[in-house]
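Please keep the sequence and the 3D view open while going through the points.

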Amino acid sequence: MLNIINTLFNSFIGLGGAAMMFVVLTILALFFGAKPSKALEGGLRMAVALTGMGAIISLLTEAFAPALNAFVDATGIALSITDLGWAPLAVITWGSIYTLYFAFICILLNLFLLALKVTNTLNVDLFNIWNVSIVGLLTNYYARGNLIVTSLFVLFIYTFMLLNADAMKPVIGKLLDFDEHNITTTAHPSFLIAPLAMVVNKLIDKSFPFIDKYDFDADTLNKKIGFWGSKFAIGAYLGVFIGILGQRNVSNILTLAFTGGVALELFNVVGGWFGPAIEPLSNGVQSFMAKRMRGRKLFVAIDWPIVASRAEVWAVMNILAPILLLVSMVLPGNNVMPLGGILLTVLTPALLIVTGGKVIRMTLIGTVLIPIYLWSATLVADFITSTSISMGNFPKGLESGQLFTSIDSNPIEKMLAILFGKSFATFDFASIAISLVCMLIYTINFLWYRNELRR
């Protein structure tokens, strides 16, 4: 019987990430009460989105890889790891059955903490569970398959996501002019960088108390930049920049510019397909949980674009993009060439929360924090590349043995996951003690940050 189950399971996994998620999401949505047509639509959208992301990644890597390889050969600068943004991580995680397990235990934790009134947030943003899943997969990989250790770490991080959603709610309401009846917040894990950003913000208070006098209106700046700050344009700049670094001819540089422009724009377009794909399941889970929490005022957590209407977010993205490129070329310990994550959408929303929308502060804090994202992306490159190969999702255009990665959410949490997983893999007392101390510091920093937000 076990052999039959194992054969069926391996056959199911062998369908590939897109087909597997089509089946699983459709069945889960039906289980939580979605109409058959909506459940089928959600599963199909997810399969198409995963397939689309794979196609865009291949387009980008096939075009840029030769120029990047030529640049490394000519200069010796070790930026040999290609950043493909968040898409590879989404493909890996949504192609893994572990993601559904992590979603299940996180939903149970959310219900448990709501019942204990530890949190007031109901997180319905199930799509972004993949951000938690990558942390779990890293922990499981380095803990040598220890699912208990992995589960504990995932639940640890998810708890802070929910507590952060509670803490940010008043700030979000103020920034977005919500009325007192609005219940919307966000539990997106990219906001977990905010406690560290708050530390840098306080250092600016001490060192440069006069800096706010020189702040400027971000909305006006965005209007002046116009098309030149769009995804099309930034992708084209990247193509030209990579072409020049790789000493390509004019024709090839123009081709890279056009490819970069279309890739960044398509990342945004296809990325928008994931949300509607998970919607039938998310609505079903939300309805299921709400029926059991009647009479209680809850905050409902959705995706990070809840703050995207603030002009400061986009102004600082445009300012930080060239800074990220420059820092990547001189930062010791970095081997990543920023491409897919060049806009740093995983950083600027948290900066908005911490600074209240002060552009100069957001830029300074962002510049200080950029190295953490580059170091984290460098550290996880081996895992991302090997996992993609094992799942049959290695991007076309990359040479055999070439590493790729993602400048994405949870840089600190990813590094903690590696440290935590390794320490419990060997059960070395000193390593376990170090990882627990790091997690204690992480907790203390968060509690201090939460008090600062309240104050």
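1. How much space lies in the largest cavity? The largest cavity holds about 60 Å³ of space, where a cavity is a set of points, on a 1 Å grid over the protein atoms alone, at which a 1.4 Å probe fits but cannot get out, and where a volume is the space filled by probe spheres set on the points, joined across faces, edges and corners. A search of the whole structure finds four cavities of 30 Å³ or more.

2. On the source: this is a predicted model, in which local features need pLDDT of at least 70 and side-chain atom pairs count only at pLDDT 80 or more, while totals for chains, interfaces and linings use all residues. Residues are numbered from 1 along each chain as its sequence is written, and side-chain values use heavy atoms, with hydrogens and water left out.

3. The protein has 16 helices and six strands, these being DSSP runs numbered from the N terminus (helices are H or I, at least four residues; strands are E, at least two). Of its 455 residues, 55% count as buried, that is, under 20% relative accessible area with a 1.4 Å probe and protein chains only.

4. An open sheet of three strands has the order 2-4-3, with parallel pairing; two strands pair if DSSP finds at least two bridges between them. Strand 2 (121-123) and strand 3 (184-186) stand at the edges with a single partner strand each, so one side of each is left without a neighbour in the sheet. From one strand to the next, the twist averages 40 degrees.

5. Strand 4 (residues 299-302) is joined to strand 2 by three bridges in the parallel sense, and F299 in strand 4 is the bridge partner of T121. Three bridges also join strand 3 to strand 4, again running parallel, with T185 opposite A301 in strand 4.

6. Helix 7 (residues 147-175) packs on the sheet and touches strand 2, strand 3 and strand 4, contact meaning heavy atoms within 4.5 Å. The direction of helix 7 makes about 135 degrees with that of strand 3; axes are lines fitted to C-alpha atoms, for helices over the stretch in contact, and angles run from 0 to 180 degrees between N-to-C directions.

7. To return to the largest cavity, 13 residues line it, of which N123, D125, N128, I129 and M161 lie nearest its centre, a lining residue having an atom within 4 Å of a point. Helix 6 (129-142), helix 7 and strand 4 each supply at least two residues of this lining.

How values were computed: 1 Å grid on protein atoms, 1.4 Å probe; cavity = no way out; pocket = protein on both sides within 12 Å on 5 of 7 lines; lining within 4 Å. Buried < 20%, exposed > 50% of the residue type's maximum accessible area, 1.4 Å probe, protein only.
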